Amino acid sequence: MIRCKHYIAKFLLLSTVLLYAQNPGRGPVKLSYKELKLSFWNNEGNKKFQKEYNTLYLILEKENLTESTINDKTKLHWSIGVLFLVVIIAIFFRFYQYRIKKRQPSQFEKGIHRSTNNELRTIETNEIEVRSVKSGIENIGINEELVVQILEKLTHFEKTKGYLFSSVTVQSLSSTFETNSKYVSKVVNTYKEKTFVQYINDLRIEYALQSLEEDSKLQKYTIQALAVEFGFNNAESFSTAFYKKTGIKPVYFIKQLEIRKDV
């Protein structure tokens with residue numbers, strides 16, 4: 001834009017110089033641009049034009065300076081905005097980390113309490129589920145006798161820790177139960193109040209909590225080794241399920257167990 005305005009002013013000057021440099025008797029004088037410009041500026045009669053040209057040039061320079069200032073201000077505003085956004089994100093992240101850190105001790109105690117009462121709670125829950133079926137509390141469109149059988153088989157599945165096999169799926173378990181996978185899935189959804197995958201993962205994490213507290217050797221394992229030990233395919237899926245169930249990462253849980261042992 002600045003270069004464009006410069007050429008416009010130069011063009012206007014050249015056009016005017018050529019006009020004023022004409023010889024009344026013989027037509028336009030054949031001079032170079034520099035010669036025409038010098039001849040024009042040395043002519044006393046063209047002082048008014050010189051003043052107008054200088055005024056035009058100053059106006060263009062002023063516009064260029066104004067445009068440059070506006071661009072600089074725009075860049076400054078964008079920079080301030082980006083910096084402000086980064087600061088806000090950093091503050092939010094720090095606050096989030098602070099809340100997690102503050103909540104971790106209580107989540108650890110809940111995990112310990114959960115692991116201590118896990119087996120007794122599982123037995124009581126399964127008995128209540130069977131009684132609710134027999135009393136007709138839940139009606140899920142499946143034969144009552146079949147629902148009771150599936151629940152009893154699930155109880156056996158939990159006691160024998162069949163969930164520790166990483167290959168277990170609703171299809172494989174239904175085949176073992178000699179029933180339809182849709183029935184097993186519906187019974188789990190209704191009486192366990194969770195999806196089949198969540199049901200399996202929760203059983204694994206509850207067993208992991210209990211095992212880690214009781215067996216100090218397991219506390220020396222890597223997260224990947226623990227994942228395989230408790231039926232997960234990789235460390236990431238184990239850590240995700242552990243956090244979803246307890247609100248803390250397995251690394252923190254193990255660290256707190258070690259601290260408690262040393263006290």
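1. Start with Glu178. In this predicted model, Glu178 is exposed because its relative accessible area is 73%, and anything over 50% counts that way. You'll find Glu178 in the loop that links helix 6 (170-177) to helix 7 (181-192). Its backbone is worth a look too: Glu178 isn't a glycine, yet its phi is positive, at about 60°.

2. Move along to Glu193, in the loop between helix 7 and helix 8. Here again a residue other than glycine has a positive phi, near 60°. Glu193 has 69% relative accessibility, so it counts as exposed.

3. Next, a charged spot. Which residues gather in a patch of negative charge on the surface? They are Glu213, Glu214, Asp215 and Glu229. Asp215 sits in the loop between helix 8 (196-214) and helix 9 (223-229). Is Asp215 exposed or only partly exposed? Its relative accessibility is 32%, so Asp215 counts as partly exposed; that label covers values between 20% and 50%.

4. To find one of them, look along helix 3 (residues 47-116), where Phe84 is placed. Phe84 counts as exposed because its relative accessibility is 55%, and the cut-off is over 50%.

Key:
Residues numbered from 1 in each chain as written. Predicted model: local features only at pLDDT ≥ 70, side-chain atom pairs only at ≥ 80, totals over all residues. Heavy atoms only, no water. Patch = residues over 30% accessible without salt bridge, like charges linked within 9 Å, V, L, I, M, F, W, Y side chains within 5 Å. Areas by Shrake-Rupley, 256 points an atom, 1.4 Å probe, with all protein chains shown as cover. Salt bridge = Lys/Arg side-chain N within 4 Å of Asp/Glu carboxyl O. Lys, Arg positive; Asp, Glu negative; His and termini not counted. Charge placed at Lys NZ, Arg CZ, Asp CG, Glu CD. Helix = DSSP H or I, 4+ residues; strand = E, 2+ residues; numbered from the N terminus. Buried < 20%, exposed > 50% of the residue type's maximum accessible area, 1.4 Å probe, protein only.
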